[in-house]
Amino acid sequence: MTAGQPETDHRTASAPYLLPLLAGGLVAVALGVYGRAHPPTGYAVGLAGFSGALAMKAWLTTGAFVLAVVQLLSALAMYGRLPGVTAPSWTGTLHRWSGRAAFLLSVPVAFHCLYALGARFDVPRVMVHSLLGTFFYGVFVAKMLSLPRRDLPGWTLPVLGGLAFSALAGLWLTSSLWFFVVIGVTL
Amino acid sequence: MKRLGPFYTLAAGIVLAAGLGVASAQTAPRAGTPAAGRVPYARATTNVTAGPSAGPATAEPATPDPTVSAAPATADPTPRRANYAGVAKGNGGLVALAIRDGRAIAYFCDGRVESWLRGAAADGTVILNGKGSQITATLDGTRARGSLRVGKAKWRFTAPAARKPAGLYRAAGIVRGARLVGGWIVLADGRQVGLLDVGGTPAPAPTLTPGSPVTVDGTQVSPQPAENFLDQP
């Protein structure tokens, strides 16, 4: 490193990451602490029309996961990584709104998890699910806060988006798939 | 708009979660009694130390469950006092068990079919029998897990530990000269199912508010926690 590099360069180079990642980390930790510290109520308001809370969660998570696949494909198209596909002009809108819908679908699920059940570490599946759940919202907040910034390197959004997609896939595997296999594919 | 979009998204999520929180706090079952209706899933609600009368003190291998594995190897892992209530998988009926000092009473009901079962609890397991029905399950501080056979049908179930007012209730009495037995299972989320047996004929049960009497054909009967009936036939 040359002596001419001014100190302010370091700050402008590292600060853009710092804020979104810090906020995301705080959100993840706060959710985990809340899930661990408060007494689970065993009860929470959710969407009507399902046979039970678990069925509601399994299907909402499945909906969010399907939308997340739309997210992955639309993002790949926007970055020109789908061979033979030129992203249509509405790809960005599709990506934004499918992401919003996926996030909003996930909120009642996460709310029931944290409010009614809490974070638990006694069974591997539940432990992985608890950790992934808090991680997902941390990454999601980091991604949301990174989106409006123009001073971030090009790989920031793909990395955060990829992490969010992977976390959601893991959440689906440890909850919905488990539900469909163990309890059955019931509404 | 585009720059603020992500913030709107986050705000919408926060508002939705807050709305669910307010709605849940307002509609929580039996909100008048603070600790009631809550099942702390993460904690053992029952005493898992060995009871003096609970089965032989031979060093049977403990039930393979992490929550009781810390107990001494010679201890009987059977909870001395425990209540469980849960759903029969693939059936929708509810199952509840009450354990007291090595004895157990259990009840299955889906609103049309019911069965009372009794038996012994030892070594972290129960084998209960009723009229044409059987329950085998493993017990620990947090849940009972096993299978249930009623007639020819068989279901698995996992019943979390239940704390009052959740649990199993039974009422017995005489209504217009006929022997009445009523059973109710109340889950922690407020769901319940019940059935009456009036002189051998099933009849729909009135909704139970644990602790309050119910009226059957003009006669008041008081459902009691089922463990009170362990000494009766």
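I take helices as DSSP runs of H or I with at least four residues, strands as DSSP runs of E with at least two, both numbered from the N terminus. With that settled, I looked up what follows α3(A): A:Gly118 comes there, and its phi is positive, near 85°.

**Ground rules.** I am reading a predicted model, where local features need pLDDT of at least 70, side-chain atom pairs count only at pLDDT 80 or more, and totals for chains, interfaces and linings use all residues. Residues are numbered from 1 along each chain as its sequence is written, while chains are lettered from A and ligands numbered from 1 in the order in which they are written.

**Chain A, overview.** I counted five helices and zero strands in chain A. From the N terminus on, I read its elements as α-α-α-α-α. I call a residue buried if 20 or more other C-beta atoms lie within 10 Å of its own, exposed if 12 or fewer, and partly exposed in between, with C-beta atoms placed from the backbone. Chain A has 187 residues, and 39% of them are buried. I put two residues in contact if their C-beta atoms, placed from the backbone, lie within 7 Å. Of the contacts in chain A with a separation of 6 or more, 78% join residues 24 or more positions apart.

**Helix α3(A).** I checked its length next. The expected span of a helix is 1.5 Å times one less than its number of residues. α3(A) has 27 residues, so it should span 39 Å; the end C-alpha atoms lie 38 Å apart, which agrees. I then looked for a bend, meaning the angle between axes fitted to the seven residues ending at a position and the seven starting there. I found one of about 25° at A:Val107, and the proline A:Pro108 follows within four residues.

**Chain B, overview.** Chain B has one helix and 15 strands. I noted 233 residues, of which 36% are buried. Here 52% of the contacts with a separation of 6 or more join residues 24 or more positions apart.

**Where the chains meet.** Chain A brings 26 residues to the contact and chain B brings 29. On the side of chain A, α3 (91-117) and α4 (124-146) each supply at least two residues. α3(A) gives the most, with nine residues. I sorted that side by class: 18 nonpolar, four polar and four charged residues. Nonpolar covers Ala, Val, Leu, Ile, Met, Phe, Trp, Tyr, Cys and Pro; charged covers Asp, Glu, Lys and Arg; the others, Gly among them, are polar.

**Helix α1(B).** Which residues of α1(B) are buried? I found B:Pro6, B:Gly13 and B:Leu20. The buried residues of α1(B) pack against α3 and α4 of chain A.

**Strands around β8(B).** I count two strands as paired if DSSP finds at least two bridges between them. β1 (residues 81-88) and β8 (residues 153-160) of chain B pair antiparallel over two bridges. B:Ala88 stands opposite B:Phe157 in β8(B). β7(B), residues 143-150, runs antiparallel to β8(B), joined by eight bridges. There B:Ser147 stands opposite B:Arg156. Two residues lie between the strands of this hairpin, and B:Gly151 takes a positive phi near 65°.

**A loop residue.** B:Val113 is found between β3 (103-109) and β4 (114-122) of chain B. Why is B:Val113 partly exposed? Because 15 other C-beta atoms lie within 10 Å. B:Leu195 is 82 residues from B:Val113 in sequence, yet 8.0 Å away in space, C-alpha to C-alpha.
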